[in-house]
Amino acid sequence: MAEDLTIIEGTKAEVYDSLVPQIKALIDGEPDLVANLANIAAALKEQFKWLWVGFYMVKPLANGAAGEELVLGPFQGPVACTRIKKGRGVCGSAWQNATTLIVPDVEKFPGHIACSSLSRSEIVVPIFKGDQVIGVLDVDSELLDQFDETDKRYLEEIVATIAPVP
């Protein structure tokens, strides 16, 4: 397991091409999901300096009632919303639709949950176990229109490497 991170400058694709193998080395051989999620969030935050990078995991409702919600997992950045209902906000919508969502301007997203007033754009990538969404990677930026198809491609690749096998 590597424990150093080399920060580079370049095009977005060049940066990801350098970062993805480093993330794989960070988590290689480590069976603990929480440890791996924490290191992935830290690596992404360090490289890109985004406002917030973290994970929400699908868990049973806290009150014991039937159903599930997203619960805050490892993250880097300002304090965050702890629980998100399915279909609510960008994270809940990505979970409900089982698809990556890129939001160029969070103020224009219906039902956006403003965990931080500094967040201007967002990308949320679902984590799958088989065909079931078990969590999401959530990334927020202070800049409008920060995320694009390049981010989608590479973040989906990163999430696929950490997702539990079916």
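Tutor: In this predicted model, a helix is a DSSP run of H or I with at least four residues, a strand is a run of E with at least two, and both are numbered from the N terminus.

Student: How many helices and strands are there in the chain?

Tutor: The chain has four helices and six strands. Read from the N terminus, their order is α-α-β-β-β-α-β-β-β-α.

Student: What makes the radius of gyration of the chain agree with that of a compact globule?

Tutor: For 166 residues, the rule for a compact globule gives a radius of gyration near 15 Å, and the chain has 15 Å, so the two agree. Along the principal axes, the C-alpha atoms fill a box of roughly 45 × 35 × 25 Å. Residues 24 or more positions apart make up 53% of the contacts with a separation of 6 or more.

Student: Why is Lys-49 called exposed?

Tutor: The cut-off for exposed is over 50% relative accessible area. Lys-49 has 57%, and therefore counts as exposed. This residue sits in the loop between helix 2 and strand 1. Its phi is positive, about 60°, although Lys-49 is not a glycine.

Student: Why is Ala-98 called partly exposed?

Tutor: Partly exposed covers the values between the buried limit of 20% and the exposed limit of 50%. Ala-98 has a relative accessible area of 35%, so the term partly exposed applies. Ala-98 belongs to the loop between helix 3 (89-97) and strand 4 (101-103). Just after helix 3, Ala-98 takes a positive phi of about 50°, although this residue is not a glycine.

Student: How do you know that helix 3 is largely enclosed by the rest of the structure?

Tutor: Seven of the nine residues of helix 3 are buried, and therefore the helix is largely enclosed. The buried residues are Gly-89, Val-90, Cys-91, Gly-92, Ser-93, Ala-94 and Trp-95. They pack against strand 1, strand 2 (68-76), strand 3 (83-85), strand 4, strand 5 and strand 6.

Student: How much of the chain counts as buried?

Tutor: Of the 166 residues, 45% count as buried. The accessible surface comes to about 8400 Å², and 51% of this belongs to carbon and sulfur atoms.

Student: What makes a set of residues a nonpolar core?

Tutor: The members must be buried residues of the nonpolar types, joined through side-chain atoms within 4.5 Å. The largest such core here has 29 residues, of which Ile-40, Leu-44, Trp-50, Phe-55, Leu-137, Val-139 and Leu-155 touch the most other members. At least two residues each come from helix 1 (12-27), helix 2 (33-48), strand 1 (52-60), strand 5 (121-129), strand 6 (132-141) and helix 4 (149-162). Helix 1 supplies the largest share, seven residues. Another core, of 20 residues, lies apart from this one and includes Trp-52, Cys-81, Val-103 and Val-136. In soluble globular proteins, nonpolar side chains tend to be buried together.

Student: Which residues is Trp-50 in contact with, leaving aside its neighbours within four places in sequence?

Tutor: Trp-50 is in contact with Tyr-16, Leu-44, Lys-45, Val-139, Asp-140, Ser-141, Gln-146, Phe-147 and Asp-151.

Student: Why does Val-106 count as buried?

Tutor: Buried means under 20% relative accessible area. Val-106 is at 0%, and therefore counts as buried. Val-106 is in the loop between strand 4 and strand 5. Not counting residues up to four places away in sequence, Val-106 touches His-112, Ser-119, Arg-120, Ser-121 and Glu-122.

Student: Why does Val-34 count as exposed?

Tutor: The limit is over 50%, and Val-34 is at 52% relative accessibility, so this residue counts as exposed. Val-34 lies in helix 2. Its C-alpha is 28 Å from that of Val-106, a residue 72 places away in sequence.

Student: Why is Leu-118 called partly exposed?

Tutor: Its relative accessible area of 46% falls between 20% and 50%, so the term is partly exposed. Leu-118 is in the loop between strand 4 and strand 5. Leaving aside neighbours within four places in sequence, Leu-118 is in contact with Leu-51, Ser-141 and Glu-142.

Student: How many positive and negative side chains does the chain have?

Tutor: There are 14 positive and 24 negative side chains, and the centres of the two sets lie 7 Å apart.

How values were computed:
Residues are numbered from 1 along each chain as its sequence is written. This is a predicted model: local features need pLDDT of at least 70, side-chain atom pairs count only at pLDDT 80 or more; totals for chains, interfaces and linings use all residues. Side-chain values use heavy atoms; hydrogens and water are left out. Buried means under 20% relative accessible area, exposed over 50%, partly exposed in between (1.4 Å probe, protein chains only). Contact means heavy atoms within 4.5 Å. The radius of gyration is taken over C-alpha atoms; the globule rule is 2.2 Å times the number of residues to the power 0.38. Accessible areas come from the Shrake-Rupley method with a 1.4 Å probe; for residues, only the protein chains shown count as cover. Lys and Arg count as positive and Asp and Glu as negative; His and the chain ends are not counted. The place of a charge is taken as NZ of Lys, CZ of Arg, CG of Asp or CD of Glu.
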